[in-house]
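Please look through the sequence and the model shown below before reading on. The paragraphs that follow begin with a single residue and then widen to the whole chain.

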Amino acid sequence: MTEKAGQRRGLMPLLVIATAQLMLVLDDSIVNIALPSIQQELGIDAVHLPWIVNAYILAFGALLLLGGRIGDLYGRRRALQTGLVIFVLASLVGGLGLNSGALIGARALQGLGAALVAPNALALIATTFAERKTRDAALALYGAMSGIGIVIGLLLGGVLTGTLGWRWVFFINIPIGILVLLGSRTLVEAQRHPGSLDIRGAVLGTSGMVALVYAITRFGEDGFTDPIGLGLIGAALVLLAAFIATQARSRTPLVPLSLFRDRGRAGAYASMLLLAVGPMGTFYVITLYLQQVQHYSPLQTGAGWLPFAAGIVVGAGGAPKLLNKVAPRVIASGGALLSAAAAFWFSFIQVDTNYWLRLAPAMFVLALGFGLGVIALTQAAVYNTASHEAGIASALLNSAQQIGVALGLAVLAGIAATVTGTSEPSATAGAQLVAGYGSALAVAAGLLAAAGILAATTLPSKPTAQADGKSAVAAVDQPSH
């Protein structure tokens with residue numbers, strides 16, 4: 001490797017991929033803080049307000065598989081750059097939005113851009129960083145951004161909304177996106193692979209994902225007996241069953257079913273879905289608790305989650321070294337069980353629970369386990385994937401995580417609301433809320449424990465360095481010139 005080529009695989013590509021991931025995750029939370037201001041200025045009906053958040057989640061989660069396959073066929077760097085352009089333009093439209101329709105449409109377009117960026121950024125880690133040590137460092141930073149971005153979103157959302165106004169939660173993406181777009185030239189493009197886009201599979205798969213994610217958001221808003229949500233679940237099952245049938249017969253499938261023949265990879269996808277349910281759902285519930293029971297301001301709430309950010313950094317940063325010596329199933333299951341213990345600890349919250357003694361330590365442990373688990377599951381799902389399938393393998397992992405996030409919000413919010421509504425009428429409002437939050441957090445602990453058990457029984461039993469052998473860089477393509 002020449003010195004110039006070594007520099008090319010150095011700091012700049014690492015920053016580009018990490019910043020791209022940070023920008024996408026940040027948008028999951030930064031807009032939440034601005035919702036009251038948006039509603040007041042634009043006069044948006046309460047029934048339409050959640051869709052400023054849900055439109056992004058829906059488009060992002062539903063189009064990830066398509067975004068990953070487009071990168072495999074037409075170039076991952078090109079797909080990432082196209083996604084960045086869409087994301088930046090959508091952010092501009094959102095910031096200039098004059099009504100709810102324009103704002104919700106802009107958020108959906110942001111989700112489309114994110115669906116092109118996220119799986120290809122993860123796949124480009126393998127392409128750009130050929131050396132195992134550098135690739136692990138890039139993966140750790142990528143994983144850390146998944147959690148840190150949420151905390152930064154809360155902090156930045158509070159600062160921007162309180163100073164420059166809510167429109168800047170959109171405008172802030174423009175300079176960041178342009179810088180990432182310029183820096184993306186340092187990423188090494190993978191060799192393009194022959195084949196054509198499976199249009200029928202794309203339509204069935206995307207429609208099925210739209211129905212599934214939309215159903216989950218409906219359940220979060222209207223409960224699990226919502227007839228529209230139940231109908232959407234039925235439609236999703238039919239569409240996804242038809243999708244699987246077409247993939248089994250297709251010569252150029254959107255999702256090669258051979259990816260699921262590897263028990264460790266299939267287990268990683270399922271474990272990631274459950275792992276994402278717990279911490280992200282817990283994050284949502286404790287955020288409500290801090291604001292509605294402890295009466296924190298939005299900015300105080302964001303600052304209160306800084307132990308979570310620290311835990312993510314420690315967990316994601318330490319996981320790659322551990323994975324060279326310890327089996328992925330041990331790291332992933334151990335991380336999930338740590339998060340389960342933290343969520344269970346959270347479930348005993350009271351109206352006057354002390355932040356420093358009870359909440360901050362649990363936030364750190366929750367994130368520590370999440371960081372360890374995400375890196376172990378990402379390696380199990382993406383490393384040693386055939387080069388022409390790296391993009392779709394990454395997209396499947398991203399889809400599992402995104403659906404898990406949406407499912408966590410829906411399930412835990414629904415449980416909290418149900419229990420709160422059936423609490424003792426004589427209890428104070430704070431006590432009623434705490435009863436609901438505690439029940440939801442206990443369920444989160446159970447889901448995280450299930451993720452740990454699933455990871456322990458399906459993931460590889462040898463350390464990654466031993467399991468890889470000569471194939472440690474199997475997912476690295478030859479650069480395309």
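Leaving aside its neighbours within four places in sequence, which residues is I44 in contact with? In this model, which is predicted, I44 is in contact with I38, Q39, L49, I52, S100 and L103 once those neighbours are set aside. The place of I44 is in the loop between α2 and α3, the latter covering residues 51-74. I44 counts as buried because its relative accessible area is 6%, and the cut-off for that label is under 20%.

Helix α2, which runs over residues 11-42, bends by about 50 degrees at A34, and a proline, P36, follows within four residues. After α2 comes G43, a residue whose phi is positive, near 65 degrees.

Is A381 buried or exposed? A381 counts as buried, because its relative accessibility is 0%. Not counting residues up to four places away in sequence, A381 touches R265, A268, Y269, A393 and L397. The C-alpha atoms of A381 and R218, on the other hand, are separated by 30 Å, and these two residues lie 163 residues apart along the chain.

With these two sites in view, the chain can be considered as a whole. The chain has 18 helices and zero strands, and its C-alpha atoms fill a box of roughly 70 × 50 × 45 Å when taken along the principal axes. A compact globule of 481 residues would have a radius of gyration near 23 Å, so the 21 Å of the chain agrees with that expectation. Of the 481 residues, 56% count as buried, and among the contacts with a separation of 6 or more, 85% are accounted for by residues 24 or more positions apart.

The surface and the charges complete the description. The chain exposes about 18500 Å², of which carbon and sulfur atoms supply 67%. How far apart are the mean positions of the positive and negative charges of the chain? For the 27 positive and 19 negative charges, these mean positions are 13 Å apart.

Definitions and conventions:
Residues are numbered from 1 along each chain as its sequence is written. This is a predicted model: local features need pLDDT of at least 70, side-chain atom pairs count only at pLDDT 80 or more; totals for chains, interfaces and linings use all residues. Side-chain values use heavy atoms; hydrogens and water are left out. Helices (H or I, at least four residues) and strands (E, at least two) are DSSP runs, numbered from the N terminus. The radius of gyration is taken over C-alpha atoms; the globule rule is 2.2 Å times the number of residues to the power 0.38. Buried means under 20% relative accessible area, exposed over 50%, partly exposed in between (1.4 Å probe, protein chains only). Contact means heavy atoms within 4.5 Å. Accessible areas come from the Shrake-Rupley method with a 1.4 Å probe; for residues, only the protein chains shown count as cover. Lys and Arg count as positive and Asp and Glu as negative; His and the chain ends are not counted. The place of a charge is taken as NZ of Lys, CZ of Arg, CG of Asp or CD of Glu. The bend at a residue is the angle between axes fitted to the seven residues ending there and the seven starting there.
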